[in-house]
Amino acid sequence: MATAFSATLPLHGSSSQENRLLLPSTRLPPPPPPSSFLGSTRSLPIRRLNHAHASRRSPVVAVQEIVKAKKPTNSLLITKEEGLVLYEDMILGRSFEDMCAQMYYRGKMFGFVHLYNGQEAVSTGFIKLLTQSDSVVSTYRDHVHALSKGVSARAVMSELFGKVTGCCRGQGGSMHMFSKEHNMLGGFAFIGEGIPVATGAAFTSKYKREVLKQDCDDVTVAFFGDGTCNNGQFYECLNMAALYKLPIIFVVENNLWAIGMSHLRSTSDPEIWKKGPAFGMPGVHVDGMDVLKVREVAKEAVARARRGEGPTLVECETYRFRGHSLADPDELRDAAEKAKYAARDPITALKKYLIENKLANEAELKSIEKKIDELVEEAVEFAEASPQPGRSQLLENVFADPKGFGIGPDGRYRCEDPKFTEGTAQV
């Protein structure tokens, strides 16, 4: 076996000549030039794979570099109406989160609250392309995803206040936004646990279409962070989605930090998009601080899913402007790094694009900002005036039967057995 492997390649990030990985003898392509883009250590091209050797699978075609390939350089990427919708949605997300910070520090919210400031281009760029029947699955940083999907600011703020008028009647809180009406299938506190739910939703769409013969072209978008991409559910669901060609888009919101761990230190290969082609689906990297670039990639990925061409993995390289949560003093990240990304604020960039291309003027944008400020203020007033959930609500939506404790082998409710409820008499 000594001659089976003849070419060697240094392990990623290692300069040691002794730390080398044996690879089959092959002609290696030259390394790509280094990239200064965001936090990347190298350039991130969109690659086309050829799976002609796989008889059971058609060739995988990567999403194109749309801004360059499909749009003339002198054409506008959006209409005025589209631009104003994007701007309003991003302003809503930012203003809402800023208000959440105020309310948290005033003691109106409890537990962990994770804000989305800086990442608005990702939520807006994807979700504003979806229909109400399309599904969205989020993480613990889920307020803005819910707002983009159409859940009212009143319902989200009330949920954060723990009030009965919240979208989960006050029982979900910051990390568990859910709305059946809007197909917002929840935020999830543990990283990765929402990805199987999203995969199941995509399977439902395919089953309706191909088995039940219903007119269904619904897609699912699963949002998650860079830290999640080292977890097992991510790989399992990429495999299943590619195997069944499910109508799902996996959106990695790579903000470069998993709580206080740098992305570049926590994974063997920081280019997450490459994991898509490894499973037989397109992998795309996009500037997540530019809503127009995100939107163009999202258009193609959503269209592929609707056409029945299967899943796409999109890595949006972005940055959160606040700490991991409002309890995080954010002392681990370098001040110069934070300043660098603050200068690339996605809302400021969109505003500049709209004005320079004469799609909107300052007065129109100021009007939107004023409207959103009033909307968020009203949401706080509504949440504060709303009632707390009653004690009787404690066990609702927890157990299948209305009495809460299940039915015993004798057919009687277990709560009627005095021994069953010992120590819980008040409940």
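Glu296 and Lys299 both sit in helix α10, three residues apart, which is about one turn of the helix. The two residues form a salt bridge, with their closest N and O atoms 3.6 Å apart. This is a predicted model. The protein has 13 helices and nine strands, and 46% of its 427 residues count as buried.

**Salt bridges**

- The structure holds 23 salt bridges, including the one between Glu296 and Lys299.
- Glu296 counts as buried because its relative accessibility is 3%, under the 20% cut-off.
- Lys299, at 32% relative accessibility, counts as partly exposed.
- Glu271 forms a salt bridge with Lys274, and the closest N and O atoms are 3.2 Å apart.
- Glu271 is buried, at 5% relative accessibility, whereas Lys274 is partly exposed, with a relative accessible area of 26%.
- Another salt bridge joins the side chains of Lys370 and Glu374, at 2.6 Å from N to O.
- Lys370 and Glu374 both lie in helix α13, which covers residues 362-385; they are four residues apart, about one turn of the helix.
- Lys370 counts as exposed because its relative accessibility is 52%, over the 50% cut-off.
- Glu374 has a relative accessible area of 45% and is partly exposed.

- Strand β9 spans residues 312-317 and is mostly covered, with six of its six residues buried.
- Strand β5 (residues 248-254) pairs with β9 in the parallel sense over six bridges.
- Val251 has Val314 as its bridge partner in β9.
- Strand β8 (residues 283-287) also pairs with β9 in the parallel sense, over five bridges.
- Asp287 has Glu317 as its bridge partner in β9.
- Helix α10 (residues 291-306) belongs to a right-handed β-α-β unit together with β8 and β9.

**The protein as a whole**

- Among contacts with a separation of 6 or more, 71% are between residues 24 or more positions apart.
- The protein exposes about 21,600 Å², and carbon and sulfur atoms supply 55% of that area.

Note on methods: Residues numbered from 1 in each chain as written. Predicted model: local features only at pLDDT ≥ 70, side-chain atom pairs only at ≥ 80, totals over all residues. Heavy atoms only, no water. Buried < 20%, exposed > 50% of the residue type's maximum accessible area, 1.4 Å probe, protein only. Helix = DSSP H or I, 4+ residues; strand = E, 2+ residues; numbered from the N terminus. Pairing = 2+ DSSP bridges. Right-handed = clockwise from strand over helix to strand, strands pointing away. Contact = heavy atoms within 4.5 Å. Areas by Shrake-Rupley, 256 points an atom, 1.4 Å probe, with all protein chains shown as cover. Salt bridge = Lys/Arg side-chain N within 4 Å of Asp/Glu carboxyl O.
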